[in-house]
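Thanks for coming, everyone. I'll take you through one chain today, from the overall fold down to a few single residues. Here it is.

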Amino acid sequence: MARKTKAEAAATRETLLDAAEDMFIAHGVARTSLDQIARHAGMTRGAVYWHFKNKADLFHAMLQRVRLPFEDLVKELDDTTLDQQPLEAVRLACLNGFAHLEQPRYRRVHSILLHHCETFGDIDPLAMQNEMSAETCGALLKYFNMADKLGQLRPCLAPDVAAQIMQAMLAGLFHDWLRNHESYSIRREGARLIDTQLALMQRSPAAAADL
């Protein structure tokens, strides 16, 4: 393969990942070959192997483009006042995540992971989903612990239980929306559910004032 500039190589890599998205959506991950991806991108199989070791490596790179670590969603808010408002940080980070998910690429790739991917070779979609869920739950636990220490969490609600409840609600909403994404907006419906759930979890203003 002729030597390319970094910009050209990066563009080629992105084109291959775009082609992989199209083919995985259309045919599923297991039934899509690297040859098919290369042809769809208008390239050779050699171009694929220049950038990726195998299909699993390509799949992980495709997924990495749309990863939504909870801590990154909070950092994107760029609001230092949220250190004293951990429940508001959770709310805004969730809304930020919903906005990302309504972008076509984010929706398509997560749909591939959840609905178009079988366990195949080094690709284990269940393990990937479990890793993402554990990452989110761990981040949520951090914020619910902060809320508990600041007296903002309902006294009868343990932080770890709050994190598990929120993670379960987010996962259920996410899976349902991916199956029916044309039926409703996850930003609008998600905002309503998040606001309701957090209102049930937080200490009442009167009780907080007595601290």
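How many helices and how many strands does the secondary structure of the chain come to? The count is 11 helices and zero strands. Keep in mind that this is a predicted model. Read along the sequence, the pattern is α-α-α-α-α-α-α-α-α-α-α.

Now the overall dimensions. The C-alpha trace spans about 70 × 35 × 30 Å along its principal axes. The chain has 211 residues, and buried residues make up 43% of them. Look at the contacts next. Take those with a separation of 6 or more: 71% of them join residues 24 or more positions apart.

On to the core. In soluble globular proteins, nonpolar side chains tend to be buried together. Here, the largest nonpolar core holds 62 residues. Which of them touch the most other members? They are Phe24, Leu58, Phe59, Phe70, Phe144 and Met166. Helix α9, residues 159–179, gives this core its largest share, with nine residues.

Stay with Met166 for a moment. Set aside the neighbours within four places in sequence. Met166 is then in contact with Leu140, Phe144, Ile194, Gln197, Leu198 and Met201. Phe144 is itself one of the core residues that touch the most other members.

That takes us to helix packing. Two packed helices are described by the angle between their axes and the distance between the axes. Start with α9 and helix α10, residues 186–201. Their axes are 11 Å apart, and the packing angle is about 165°. Angles over 145 degrees count as roughly antiparallel, so α9 and α10 are roughly antiparallel to each other. The crossing of α9 past α10 is right-handed. By class, this contact has 13 nonpolar residues, two polar and one charged. Who takes part? From α9, the list is Ala162, Ile165, Met166, Met169, Leu170, Leu173, Phe174 and Trp177. They meet Ile186, Glu189, Gly190, Leu193, Ile194, Gln197, Leu198 and Met201 in α10.

On the α7 side we have Arg107, His110, Ser111, Leu114 and His115. On the α9 side, Phe174, His175, Trp177, Leu178 and Arg179.

First, Thr136, in helix α8, residues 125–149. Is Thr136 buried or exposed? Buried means under 20% relative accessible area. Thr136 has 15%, so Thr136 is buried. Beyond its neighbours within four places in sequence, Thr136 is in contact with Phe70 and Gln167.

Next, Ala47, in helix α3, residues 45–51. Ala47 counts as buried, because its relative accessibility is 7%. Ala47 and Thr12 are 35 residues apart in sequence. In space, their C-alpha atoms are 8.2 Å apart.

Last, Asp78. Where does Asp78 lie? Find the loop between α5, 70–77, and α6, 86–101. Asp78 is not a glycine, yet its phi is positive, at about 50°. Its relative accessible area is 70%, so Asp78 is exposed.

That's the tour. Questions, please.

Note on methods. Residues numbered from 1 in each chain as written. Predicted model: local features only at pLDDT ≥ 70, side-chain atom pairs only at ≥ 80, totals over all residues. Heavy atoms only, no water. Helix = DSSP H or I, 4+ residues; strand = E, 2+ residues; numbered from the N terminus. Buried < 20%, exposed > 50% of the residue type's maximum accessible area, 1.4 Å probe, protein only. Contact = heavy atoms within 4.5 Å. Core = buried A, V, L, I, M, F, W, Y, C linked by side-chain atoms within 4.5 Å. Axes fitted to C-alpha atoms, helices over the stretch in contact; angles between N-to-C directions. Parallel < 35°, antiparallel > 145°, perpendicular 65-115°, else oblique. Left-handed = near helix turned anticlockwise from the far one by under 90°. Nonpolar A, V, L, I, M, F, W, Y, C, P; charged D, E, K, R; others polar.
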